[in-house]
Amino acid sequence: MSEQLKGSIYYLSSEIRYSLSVFWSILLSLLALSIFIDLLFKETNVVFTLAFPVYIYSAIAGQILVKSGVPYLIKMGSTRKNVFISFAVHFLGLAMVNAIIANTTYLIVQLIYKVVGVNEGTAILNTQPPPFGLNLFQDTWFTRFVIDSSICFILLVCSFILGLIFYRYGLIGGFSTIGVLLLLLIFGISNGWLIKLFLPIFADFNLSFFFQLFLFSILLYLFSYLLLRKFTIKG
Amino acid sequence: MKTKLDDSRPIYIQIKEFIEDSIINETIKIGERVPSTNELAKFYNINPATARQGMNELVMDNILRKQRGVGMFVTEDAKEILIGNRKKQFYENYIVPLQDEANKLEITKDQLIEMLEKEGNMDEN
Amino acid sequence: MRIEVKNLSKVYNQTAALKDVSFSLTEPKIYGLLGRNGAGKTTFMEILAGHILASSGEILINGDRPFDNRKLTEKICLIKEGDNFNKDMKVKQILRSYSLFYATWDHQLAMDLIREYNLPLHTKVKSLSKGMASALGIIVGLACKAPVTIFDEPYIGLDAAARKKFYEILLEEYEKEKRTIIFSTHLIDEVSLLFEEVLILQEGTLLLQEGAETLRHNTCSVSGPITEVEQFLENKEVIKRDQLAGMMTAYVFGSKTEAKQAGLTVEGVPIQDLMIYLTEKKGA
């Protein structure tokens, strides 16, 4: 088992290197550009968020990996159980790596701004979108890291499962699933019970929420095994 | 020596023929080592199992002798045995078709003998 | 590795790719799997390698099913015509990935072959020419040294010289270590000398399974006047008849010596032609 696991991890990490480097090069270049513009034009305040792009990347990557990862692993002789485990490890690693890069960049930019001594109020970077306001709990590198990792992870898991559904059941199956989920969402909100479900969670909002989110992701991921079990290569 | 073997005839027979021809025209002499099955397989790009089959038949026919660990060698009687066999087949393989063709072309037996002697004369010159 | 195919069927969208096929491949040999396009060869190989599932029936390798069976899948390597590797990966990474999955991987052989075929190690698969991508496929297939190695028409884009090199190396490696090699190809003429056993599939059923030498022995084409040929053909399995100007050429399972004695012109039948004639029109 371990040789196969080593092989899959090697394969998956080699494969992701390219898209990761492209993604971050573009993102960091845009960031550098924004900082440059911000420093140049004292009157304008440029706000840049790293979190959103990273979340979007996670939402897409999971889907793509279904087609670019699973079939080739199986062709090399991997068992589906091994695929299941190695993808879990891979997603975890990917989520954490992205979170680390994003938040370390934030730290560096803050440092640069301190050193340059310019516009303290111009915090150019928001690492999280507004709802997760930094005033609810301590704003440290670690907390941001936990938040980003768990969100990336669940996005990866969800898009992976969605990708598997599309692969196995085609466009019809995939879009039907999305449709059903959307209906549930709308129904749940309009009915109110969805809000009732989530309100207590947000009422007592603290970091443990994100650990729970992580555990929930693992549960969701277990569900993907049902789809992986009889995975056959198409085309 | 053929460079490529014929796919429509059993390969092992063609291997046998190749070795037999070499023995008859003394390209491989009595007591000499013949190419191994691996060498044959590599040269002709054939499956070694078929090469082996041909060689094994030659061993059974007493044309080759196997020396473990060293290779296969031409036996003392090999050339004699082969020439004897060929002579027996000479009539079937050459004379009969010759007669058939001669009959088709309405060449008489006397004309045939004349032609054979002509060949002989040219040799003497 | 003993491969047993039992009543294997596979249906895609109402078309049967394989119809209740049964046969065994009992020894390590070089097997030629022949047949027209759509005969079911690729489907069979994919089920054998555990990539897809059968609709009914089964394939047993040493008594076990290959689907999702690590003991078996790490001993089986299937190289297809294309799409063997992730296009965004570099050659070097692919070799390393395979080396981790296959315990029998021969790194030295892989490197020798890379040099032979002049493959750039640090290039991505998508930047390779078709010929080079195929070369990578056969390199992986050879270097894996898997006890069951399957080649499904692996040479798109490979020129004649590269193919020849492949056959030579295949033979060399096979000689050093016998394994079960299943070869499906359209270029039968080139490879037929390598086969020990030939299987011909036609529209999902097995037409023939026979030793290659036996086939060469027992099939012949006989030519002569129609009546004489027909007389010879009585009680024999005839593959095909061709007529022209009072003469007939028939392809038949029979003895060459017998045909010669009957005064007919006799020739052997190359395996490629045999395949073509046998699969020409297998109606009811």
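A: A cavity is a set of grid points where a 1.4 Å probe fits but cannot get out, whereas a pocket is an open set. Rolling a probe the size of a water molecule over the atoms shows where empty space is left. The model examined here is predicted. A search of the whole of it turns up four cavities of 30 Å³ or more.

The largest cavity comes first. About 40 Å³ of space lies in it. Chain A contributes A:Tyr11, A:Tyr72 and A:Met76 to its lining, and chain C contributes C:Asn84, C:Phe85, C:Asn86, C:Ile94, C:Ser97 and C:Tyr98. Helix H3 of chain C, residues 91–101, has the largest share of this lining, with three residues. Sorted by class, the lining of the largest cavity has six nonpolar residues, three polar ones and no charged ones.

The second largest cavity also holds about 40 Å³ of space. Its lining again draws on chains A and C: A:Ile74, A:Lys75 and A:Gly77 from chain A, with C:Ala49, C:His51, C:Thr73, C:Ile76, C:Cys77, C:Leu78 and C:Tyr102 from chain C. Helix H3 (70–75) of chain A and strand E5 (76–79) of chain C each supply at least two of the lining residues. The largest share, three residues, belongs to E5 of chain C. By class, the lining of the second largest cavity divides into six nonpolar, three polar and one charged.

Next come the open spaces. The largest pocket contains about 1800 Å³ of space. Its lining is made of 38 residues, and those nearest its centre are B:Arg9, B:Gln89, B:Asn93, C:Thr257 and C:Lys260. Several elements supply at least two lining residues each, among them helix H1 (11–24) of chain B, and helix H8 (212–218) and strand E10 (219–225) of chain C. Helix H4 of chain B gives the most, with 13 residues. The lining of the largest pocket divides into ten nonpolar, 13 polar and 15 charged residues.

Key. Residues numbered from 1 in each chain as written. Chains lettered and ligands numbered in written order. Predicted model: local features only at pLDDT ≥ 70, side-chain atom pairs only at ≥ 80, totals over all residues. Heavy atoms only, no water. 1 Å grid on protein atoms, 1.4 Å probe; cavity = no way out; pocket = protein on both sides within 12 Å on 5 of 7 lines; lining within 4 Å. Points joined across faces, edges and corners; volume = space filled by probe spheres on them. Helix = DSSP H or I, 4+ residues; strand = E, 2+ residues; numbered from the N terminus. Nonpolar A, V, L, I, M, F, W, Y, C, P; charged D, E, K, R; others polar.
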